[in-house]
Amino acid sequence: MTKKANPKVDWFFNKADQWQPEVNLLRNIPLDCGLVEVLKWGAPCYTLNGSNIVLIHKFKEYCAFLFFKGALLKDPEGILIRQTKNVQAARQIRFTDAKSIKKLRPVLNTYVLQAIEVDQSGAKVAIKRVADFPVAEEFQSRLDELPALKAAFEKLTPGRRKAYLLYFSGAKKNETRESRVEKCIPRILDGSGLDD
C-alpha cells in the first residue's frame with residue numbers, strides 16, 4: 001500500500017529550514033496510507049484518484065497537515081484547527097516539533113485514513129454561496145451607483161467575489177472600508193481578482 005515519494009517534490013523536503021525535520025516525518029504518513037505525492041501550490045499534496053486529501057505546509061510558527069475536507073472528519077483527539085474563521089472545508093493539525101509528530105503518528109495515520117474514507121464516500125462540505133456573505137454598506141452603495149461595477153462584479157468567479165466581500169467587510173472602520181472599495185473598483189472593472 002505504501003507509495004513512493006515523488007522526486008519532483010524532494011526539493012521541498014531537502015530545503016534547509018526550521019521545519020525540515022518535521023516535514024520529513026510528516027511526508028511518510030500519507031505515503032504509507034497509499035496516497036500519491038504531487039506538487040500543488042508549491043507544497044506537497046497527497047491525492048487519491050486525482051482528489052486532494054492532505055497537504056503539508058509550513059508557516060513561520062508551525063508546520064501542518066491540511067485536510068481538504070477536514071470539516072467532515074471526526075476529531076476525537078481535538079487536534080483539528082480551522083485556520084481562520086473564513087475557511088469553510090479545510091482543517092489543520094499543527095506541529096512545532098518532531099517529538100509530537102512521532103508521538104501522534106498512529107493518530108495521524110487514523111486521520112489520513114478517515115480523510116480517504118470521507119473522500120471516497122463522496123461527502124461534500126456545505127460551502128457558503130456568495131449570496132451568504134455580507135456586503136459592506138460602502139461597497140453596496142457603489143454597486144448601486146455604478147451599473148458597470150455591478151455587472152463586472154457579477155462576472156467574477158464566485159471565489160473572487162467572496163474574496164472581495166471578505167476584504168471589504170473585514171475592515172472595522174468605515175473609512176478603511178471606503179478606501180478598500182475605491183482602490184479595488186478598477187480591478188473589479190478589469191475583471192481581476194483581489195490577488196491577481
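Me: How many helices and strands are there in the chain?

Reply: This is a predicted model. The chain holds 7 helices and 5 strands. Read along the sequence, they follow the pattern α-α-β-β-β-β-β-α-α-α-α-α.

Me: What is the order of the strands in the sheet, and is the pairing parallel or antiparallel?

Reply: The order is β1-β2-β3-β4-β5, in an open sheet of 5 strands with antiparallel pairing. β1 (36-40) and β5 (91-95) each have a single partner strand, so they stand at the edges, and one side of each is left without a neighbour in the sheet. On average, neighbouring strands are turned by 25° against each other, direction ignored.

Me: What makes β2 and β3 a pair of strands?

Reply: A pair requires at least two bridges between the strands. Among the partners, L48 is bridged to S51 in β3, Y46 to V54, and T47 stands opposite N52. In the hairpin of these two strands, 2 residues lie between them, and N49 takes a positive phi near 50°.

Me: How do you know that β1 and β2 pair?

Reply: At least two bridges are needed, and β1 and β2 have 5 bridges in the antiparallel sense, so they count as paired. V38 stands opposite C45 in β2. The hairpin of β1 and β2 has 2 residues between the strands, and there W41 takes a positive phi near 55°.

Me: What joins β3 to β4, and over how many bridges do they pair?

Reply: A hairpin joins β3 to β4 through 4 residues. The two strands pair in the antiparallel sense over 5 bridges, and L55 stands opposite L66 in β4.

Me: Which strands does helix α2 touch, and which does helix α3 touch?

Reply: Helix α2 (residues 20-32) packs on the sheet and touches β1, β2, β3, β4 (63-67) and β5. The direction of helix α2 makes about 25° with that of β4. Helix α3 (residues 98-121) also packs on the sheet, touching β2, β3, β4 and β5. The direction of helix α3 makes about 165° with that of β5.

Me: Why is β3 called largely enclosed?

Reply: A residue is buried when its relative accessible area is under 20%. In β3, 6 of the 8 residues are buried, so the strand is largely enclosed by the rest of the structure.

Me: What makes β2 a mostly covered strand?

Reply: In β2, 6 of its 6 residues are buried. Both faces are covered: on one side A43, C45 and T47 are buried, and on the other P44, Y46 and L48 are buried.

Me: Why is L72 called partly exposed?

Reply: The term covers values between the limits for buried, under 20%, and exposed, over 50%. L72 has a relative accessible area of 32%, which lies between those limits, so L72 is partly exposed. This residue is found in the loop between β4 and β5.

Me: Which residues are in contact with L72, leaving aside its neighbours within four places in sequence?

Reply: They are Q114, V118, A123, K124 and V125. Contact requires heavy atoms within 4.5 Å. As for A163, its C-alpha lies 23 Å from that of L72, and the two residues are 91 residues apart in sequence.

Me: What can be said of the chain as a whole, in its span, its buried share and its surface?

Reply: The C-alpha trace spans about 60 × 40 × 30 Å along its principal axes. Of the 196 residues, 41% count as buried. The accessible surface comes to about 11200 Å², and 53% of it belongs to carbon and sulfur atoms. Among contacts with a separation of 6 or more, residues 24 or more positions apart account for 60%.

Me: How many positive and negative side chains does the chain have?

Reply: There are 33 positive and 23 negative side chains, and the centres of the two sets lie 4 Å apart.

How values were computed:
Residues numbered from 1 in each chain as written. Predicted model: local features only at pLDDT ≥ 70, side-chain atom pairs only at ≥ 80, totals over all residues. Heavy atoms only, no water. Axes fitted to C-alpha atoms, helices over the stretch in contact; angles between N-to-C directions. Buried < 20%, exposed > 50% of the residue type's maximum accessible area, 1.4 Å probe, protein only. Areas by Shrake-Rupley, 256 points an atom, 1.4 Å probe, with all protein chains shown as cover. Lys, Arg positive; Asp, Glu negative; His and termini not counted. Charge placed at Lys NZ, Arg CZ, Asp CG, Glu CD.
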